[in-house]
Amino acid sequence: MAKFASLVVTEIEKSYQKGFKILTCFFIGLVAWPFLRSISTNNDLNIFYGAAQRLVSLENLYSKPYSAEGWQLYYYYSPLFATLLAPFTFLPQFIVTHEVPFGLFILKILWNCLNLYFVYQLFQFVRDLVNPPKNKAGLTFWIVLALVSYRWIFLNLLYGQMTILIVWGVVRAFQFLHSKKSKYFTGLAFGVNLKILPIFMVGQLFLMKQWRAFFITVSLVIAMILLPFAYLPFQYHVELLQSWMTNINPFSKNHIVELGEGGFIDFGALVTKYLTGLNIEGENRVAWFSMGASGVFITTQLFRLLVLSSCCYWIWRFRNISEQKKSILLMSIFMASIPLAFPHQRDYSLFMMWPLVLFVVKDWLISLKHDDVTLVKHEEIIPTWIKLGLFIGAFLMGLIVFFEALPFDIRAWISGYRIQGIGGLIFLLFGHCYLDWKGKNWQHEKTI
């Protein structure tokens, strides 16, 4: 009987391994599409490359916009990032395809490869954290996670974005939260230096009283800001830092009332869209209410304060539960708040909700625990009303439907009315409800 049971388990695992290999090959094939497309068209890497060219010529990176497919876009990233790209500007400048010079062509290939490495490490993190069972339930988990992850990966590869790097840096820092090695916090620190957004996660380290990780990260950020002084003219780098701080100032008008471009999905953009009645470049006008710039500022700041207060609440709520998974779960709700709390965020920024989505998918599909012999299903399942809210949010923010496959008019409507931002807001709201359910389960488990 025992031998028969062993044979059954072996066959189940073989079936799982076969299905997993097919899924992996299929996923790689799908990823090849945005990988190849991005290196032959204009995207944000064109702007970064242009900033590196200006830096080599000792010009200001931030004073004038860069042309990109008819748009005039500014460079908002750090001087250090531009210096890292500078070597590519010394490569031959002959055009490879669609006005993409050889140096930029090589840069795009390397950046996409690096992003795929980050994606691989993120899925390795999932394997270590969740440890899905090697059976039908485990394979279903991987299929669903791959499907809901793909569109965000697609967008970030296609548009040459930094979000995958930021998510990887944050996840890696919290995965090795108690490590004494600085290398695990380098990605988080570089993300802060690069795009400021992960500074919210440094705040989480402070609130959680993770002093070692906090001071290591802050020290690395300061070092990265000062590093260009070692090879750039002193006054020139001072000028760059001043211009950079001016451009990213969250209190500047263009970061409060977001009119310069269409397609933003953050909370401030939603307020600007629906409660100001102002004309937004590339979008239809909505005149529900006529709120002034001061009203937008107050409303947006109150939302950010609410987000910070809710995150602080969860840290207090889970203060007596000392688990590594707890730190990562809290990280997921902090990071999921970033695309809505910070200005000038687009749909690809919603990838920062990926860790929260991971927990939801895991509890939705395979709420399993291991004992010595079998897999036993938890009695607790996510309440239906929370599932419904999460599903609606996921649907509207493009987690379930691949919007890029829809006709142009529908895509323009989704972007023009910032539907993905509304979906992200709904998903975040019910994400907090999910976190409350999760906390009750943990408290229950500790009392058993």
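What share of the contacts in this protein with a separation of 6 or more comes from residues 24 or more positions apart? It's 71%, where contact means heavy atoms within 4.5 Å.

Before I go on, a word on what we're looking at. This is a predicted model, where local features need pLDDT of at least 70 and side-chain atom pairs count only at pLDDT 80 or more, while totals for chains, interfaces and linings use all residues. Residues are numbered from 1 along each chain as its sequence is written, and side-chain values use heavy atoms, with hydrogens and water left out.

Okay, the overview. The protein has 18 helices and six strands; these are DSSP runs numbered from the N terminus, with helices being H or I of at least four residues and strands being E of at least two. Of the 448 residues, 53% are buried. Buried here is under 20% relative accessible area, exposed is over 50%, and partly exposed is in between, using a 1.4 Å probe and protein chains only.

Let's start with a helix pair. Helix 2, residues 44-56, and helix 4, residues 102-130, have axes that come within 10 Å and cross at roughly 125 degrees. Axes are lines fitted to C-alpha atoms, for helices over the stretch in contact, and the angles run from 0 to 180 degrees between N-to-C directions. So helix 2 is oblique to helix 4: under 35 degrees counts as roughly parallel, over 145 as roughly antiparallel, 65 to 115 as roughly perpendicular, and the rest as oblique. On helix 2 the contact uses L45, N46 and Y49, and on helix 4 it uses G103, L104, L107, K108 and W111. By type, that's five nonpolar, two polar and one charged. For the bookkeeping, Ala, Val, Leu, Ile, Met, Phe, Trp, Tyr, Cys and Pro are nonpolar, Asp, Glu, Lys and Arg are charged, and the others, Gly among them, are polar.

You'll find L58 in the loop between helix 2 and strand 1 (66-68). L58 has a positive phi of about 60 degrees, although it is not a glycine. And L58 is partly exposed, at 46% relative accessible area.

R418 does something along those lines, with a positive phi of about 55 degrees, and it's not a glycine either. R418 sits in the loop between helix 17 (408-416) and helix 18 (419-447). Is R418 buried or exposed? Buried, with a relative accessible area of 1%.

Now the second pair. Helix 7 (residues 186-195) packs on helix 9 (residues 211-226) at an angle of about 50 degrees, their axes 9 Å apart. That makes helix 7 oblique to helix 9. From helix 7 we have T186, L188, A189, F190, V192 and N193, meeting T217, L220, V221, M224 and I225 of helix 9. Those split into eight nonpolar, three polar and no charged.

Next, helix 10, residues 234-248. Its buried residues are Y236, H237, V238, L240, L241, S243, W244 and N247. Here's a general point to keep in mind: an α-helix has 3.6 residues a turn, so residues three or four places apart point the same way.

Last stop, N156, in helix 5, residues 136-158. N156 is buried, at 0% relative accessibility. What does N156 contact, leaving aside its neighbours within four places in sequence? Q161, T163, I164, Y348 and F351.
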